[in-house]
Amino acid sequence: MSVTKVFGLFAAVFAIAYTIAFEWHWELFSYHPRTGEFGWGQQASKGGPVMHWYGAIATGFVAALVASLAALPFTKTRSLPLWLGWGVPLACIILWGWLLRGFFLR
Amino acid sequence: MTTFLLIMHGLMAVALLGGLTHQAFAVLWPTRAAGGFTSAYRAVSAARFTNAIITFYVMTFVLGAVIYPPYRIAVRTWIERARLWHISGLFEYKEQALAIGLAMLPFFWLVWRNPKDESMASARKWTTAILCVIVWYSFIAGHIVNNVRGLFGQ
């Protein structure tokens, strides 16, 4: 059982979980840069901008870690496809272009 | 302090860009003979760049994350008021791509661990190319945003 065998899965699950977290507001926490406050989950504005990026990264990291640990026993007998490590992140990066199209089409 | 960190962030990005571009050229367009400039540029031991690339990526990312709040307060707010949506979108895309790229780094390390392993040749090329495009895009997008309202944007 080698941890390195799940590195591709980690990248794939992070990309998916991070994208979902951002789109469906499943951030673990939010940050209010004007006041320096953190709050759990999606937070409303407190008289200034709210940052969800850190929280979305945390969500992606936790999801990727859990999925990787869960998959670890299965890698004893079979190996995961290598394309998971680059194909899924690439697909998510392309998807982000679509999700953010509103910025460029106004 | 933010200006100092922003400059450090930019300098590290330059180092990252150099290493990653070198590696990408070497793996996507390999050559054995180091005759002219382009051949010499590609004829490097690409695997030796891996740890430096990972280190610079993480350091640049962390510095970017540290200076993100001042950007969010002083710069992005101004960009939105000026209705420069495409500029804001450039940065939005940068942050998403870089976060996804960050999680690819362990896999990137894995595919470069043994550069003679032919079973990973395709994954090695794709991973390196994707990271190279992410870093180049982010560098240019960051530069544009900085030119719009970066240094002393408070």
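The questions and answers that follow set computed values against their definitions.

This is a predicted model, in which local features need pLDDT of at least 70, side-chain atom pairs count only at pLDDT 80 or more, and totals for chains, interfaces and linings use all residues. Residues are numbered from 1 along each chain as its sequence is written, chains are lettered from A and ligands numbered from 1 in the order in which they are written, and side-chain values use heavy atoms, with hydrogens and water left out.

Q: How do you know whether chain A is spread out or compact?
A: The radius of gyration is taken over C-alpha atoms, and the globule rule is 2.2 Å times the number of residues to the power 0.38. For 106 residues the rule gives 13 Å, whereas chain A has 16 Å, well over that value; chain A is therefore more spread out than a compact globule. Its C-alpha trace spans about 55 × 35 × 15 Å along the principal axes.

Q: Why is Pro106(B) called partly exposed?
A: Buried means under 20% relative accessible area, exposed over 50%, and partly exposed in between (1.4 Å probe, protein chains only). Pro106(B) has 26% relative accessibility and therefore counts as partly exposed. Pro106(B) lies in helix H5 (residues 85-113) of chain B.

Terms used. Helix = DSSP H or I, 4+ residues; strand = E, 2+ residues; numbered from the N terminus.
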